[in-house]
Amino acid sequence: SNSGTCENITGGVGVCTPPAASVATGDECLSTADCSNSGTCENITGGVGVCTPPDGAEGGACRASEPFCDGSLVCESDTCQTATPPAEGAEGGACRASEPFCDGSLVCESDTCQTATPPAEGAEGGACRASEPFCDGSLVCESDTCQTAAPPAEGAEGGACRASEPFCDGSLVCESDTCQTATPPAEGAEGGACRASEPFCDGSLVCESDTCQTATPPAEGAEGGACRASEPFCDGSLVCESDTCQTATPPAEGAEGGACRASEPFCDGSLVCESDTCQTATPPAEGAEGGACRASEPFCDGSLVCESDTCQTATPPAEGAEGGACRASEPFCDGSLVCESDTCQTATPPAEGAEGGACRASEPFCDGSLVCESDTCQTATPPAEGAEGGACRASEPFCDGSLVCESDTCQTATPPAEGAEGGACRASEPFCDGSLVCESDTCQTATPPAEGAEGGACRASEPFCDGSLVCESDTCQTATPPAEGAEGGACRASEPFCDGSLVCESDTCQTATPPAEGAEGGACRASEPFCDGSLVCESDTCQTATPPAEGAEGGACRASEPFCDGSLVCESDTCQTATPPAEGAEGGACRASEPFCDGSLVCESDTCQTATPPADGAEGGACRATEPFCDGSLVCESDTCQAATPPADGAEGGACRASAPLCDGTLVCEGGTCQTATPPADGTEGGACRASAPLCDGTLVCEGGTCTSQQSGGDGTGVL
């Protein structure tokens with residue numbers, strides 16, 4: 001049945017086998033057996049289905065685990081398909097013929113665009129290690145990536161201080177000729193954190209936003225502020241007491257404005273009871289005792305004094321009180337009073353820009369040499385001894401780093417002129433001025449030679465001078481060479497080589513010493529070695545062997561090629577058997593494992609060779625002097641063209657992370673990239689309060705010098 005065939009017939013009996021599957025993929029089928037190429041009959045409706053390829057085959061569903069598809073097929077949209085070759089320059093595609101060779105950060109390797117192999121942990125561009133050393137060598141860990149530390153700019157944190165003000169950027173301070181973050185003020189001090197218990201801050205400082213600050217005096221007419229000179233003296237329902245606007249407290253029984261007591265004294269002091277209320281009696285005349293002080297002198301009659309805007313009999317103030325004598329020891333005066341002319345007085349607030357006064361809104365922020373710190377003009381802390389601007393130390397090093405001591409003050413040295421002491425040597429003679437000498441490309445005072453050295457003083461006892469130097473005129477000098485042919489002099493070029501009986505030895509005329517046994521010219525020894533070194537024994541005398549022919553082994557190298565016979569090599573002007581270079585050395589075989597070669601040598605064709613330096617602008621080559629500094633997408637770092645290392649996720653310029661924190665530190669995520677947040681404008685939420693009204697926009701209030709949204713439950717007032 002089913003179009004089967006009878007096969008394997010034996011003795012007249014066979015076996016029915018199903019017909020060969022012949023229905024192609026996509027055609028109608030009745031069962032899976034109908035489908036060719038191991039296909040399956042699916043979506044059968046009314047007895048008829050469609051042949052679909054098996055999982056993993058082209059057009060079939062992707063398998064649940066690897067290999068998802070057969071052969072070179074790729075899984076796309078959960079279906080196995082023939083992979084579309086990537087475009088030229090795309091990942092996996094062929095490199096382009098000219099720059100950019102590949103898209104984005106892909107690199108061209110073996111003529112194919114590939115993702116660059118990430119550098120090893122701790123290597124330049126690699127992730128920082130979890131523990132020290134975080135990075136190799138002098139690399140530094142920034143944004144969790146090992147990088148070459150870029151020297152900070154002059155005036156930036158860690159950079160050199162500038163030669164003139166401002167010495168450092170922003171709030172940085174110059175210490176030891178380096179811009180540093182100022183040491184945070186102590187707890188309770190101005191700018192420092194408030195203490196956990198009273199006194200929260202030192203002296204008259206107030207605690208605002210958990211920071212000790214100089215209290216900003218409230219505005220005239222506001223609560224705590226001075227009363228105005230005319231009505232309304234205070235804002236709203238505030239009352240003027242002791243020339244200060246305060247919240248009115250219901251007066252006590254017997255007090256002014258309070259109910260009269262039931263028995264005497266009905267009212268306090270000089271108050272009188274009228275309509276069951278204690279009131280001030282009809283005020284005395286202006287200037288009289290108890291009367292208001294006049295607007296101009298004489299403020300009061302006779303010896304009366306004006307206190308709290310009232311003429312009173314003067315009571316000598318207590319020691320330390322306002323107007324009283326200063327105490328003999330601290331605190332000299334009460335509260336915020338200051339001692340001037342041995343009298344405690346209210347300190348006159350200094351003018352804006354003056355010492356102790358507020359800093360101005362624009363430069364010059366302070367008068368003269370004062371500096372602006374915590375929005376107050378202060379005398380700059382004198383620099384430490386040895387620091388820039390500080391006094392020179394009494395002994396070396398007189399100043400920090402490269403500072404020089406001039407007029408007993410450490411200063412940045414003015415670079416000396418070319419050829420002058422400390423300046424660069426000139427390109428041609430005279431390299432330096434006067435008797436200066438050029439050392440390490442710098443003109444310096446020549447160090448006087450040591451005693452016994454050439455040019456130095458002769459020693460008091462032998463040896464008077466070093467080596468072969470001789471003492472002449474109490475100075476060690478090179479001895480005047482004796483004349484040619486004289487004892488100690490060079491041998492002449494032709495006979496007689498030396499004067500008289502002198503003999504020529506080592507190209508020097510010397511008194512002939514009978515040679516020792518075994519030495520050249522001496523008798524041969526009775527047993528081996530008969531003669532010293534390479535001497536040979538001939539006629540019972542040790543003699544120099546006949547030198548080998550030029551170019552032969554042991555002979556002198558010829559003046560032109562071939563310098564030596566056969567495979568001999570010329571070393572030290574002598575033909576020798578070549579010693580193969582050591583493994584890893586230049587010309588030697590590369591080692592089997594790293595380091596393959598010594599130093600900066602590179603392994604090419606299994607031989608260690610000097611690497612050919614890359615061209616300017618190419619990867620690894622020096623940056624060009626003008627733009628474009630480097631080829632293609634290469635970047636110039638440390639004066640070398642390198643492939644730019646993409647910043648890590650969360651770092652500045654890197655992609656935002658998928659979960660919080662999206663970016664490192666104070667960076668913000670904008671457009672999928674971590675960036676430095678743009679500081680809000682003055683007067684806007686989060687921005688600095690303006691110097692004049694309106695301090696903040698809209699309903700924002702000024703707290704701690706910053707505009708913020710009013711907290712729920714607040715009274716709507718802002719504190720500067």
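Mentor: Two strands are said to pair if DSSP finds at least two bridges between them. The strands themselves are DSSP runs of E with at least two residues, just as helices are runs of H or I with at least four, and the numbering starts from the N terminus. The model is predicted, so local features need pLDDT of at least 70 and side-chain atom pairs count only at pLDDT 80 or more, whereas totals for chains, interfaces and linings use all residues. Residues are numbered from 1 along each chain as its sequence is written, and side-chain values use heavy atoms, with hydrogens and water left out.

Let us begin with the sheet. Three strands make up an open sheet in the order S3-S5-S4, and their pairing is antiparallel. Its edge strands are S3 (28–29) and S4 (40–45), each of which pairs on one side only. S4 is joined to S5 (residues 48–52) by four bridges, and the two run antiparallel. Within this pairing, Glu 42 has Val 50 in S5 as its bridge partner.

Cys 35 and Cys 51 form one, with their sulfur atoms 1.9 Å apart. The link connects distant parts of the chain, since Cys 35 lies in the loop between S3 and S4 and Cys 51 in strand S5, 16 residues apart. The torsion about their S-S bond is about -90°, and the disulfide is therefore left-handed. Both Cys 35 and Cys 51 are buried, a label that means under 20% relative accessible area, with exposed meaning over 50% and partly exposed the range in between (1.4 Å probe, protein chains only).

Cys 623 and Cys 636 are linked with their sulfur atoms 2.0 Å apart. Here the torsion about the S-S bond is about 110°, so this disulfide is right-handed. Cys 623 lies in the loop between strand S39 (607–609) and strand S40 (634–637), and Cys 636 in S40, so the pair ties together parts that are 13 residues apart in sequence. Cys 623 has a relative accessible area of 10% and is therefore buried, while Cys 636, at 37%, counts as partly exposed.

Two hairpins complete the account of strand pairing. S6 (residues 73–76) and S7 (residues 79–82) run antiparallel and are joined by four bridges, with Glu 76 opposite Thr 79 in S7. Two residues separate these strands in the hairpin, and Ser 77 in the turn has a positive phi of about 55°. Further along, four bridges join S26 (residues 403–406) to S27 (residues 409–412), again in an antiparallel arrangement. Val 404 has Gln 411 in S27 as its bridge partner. This hairpin also has two residues between its strands, and Ser 407 in the turn shows a positive phi of about 55°.

How values were computed: Disulfide = S-S within 2.5 Å.
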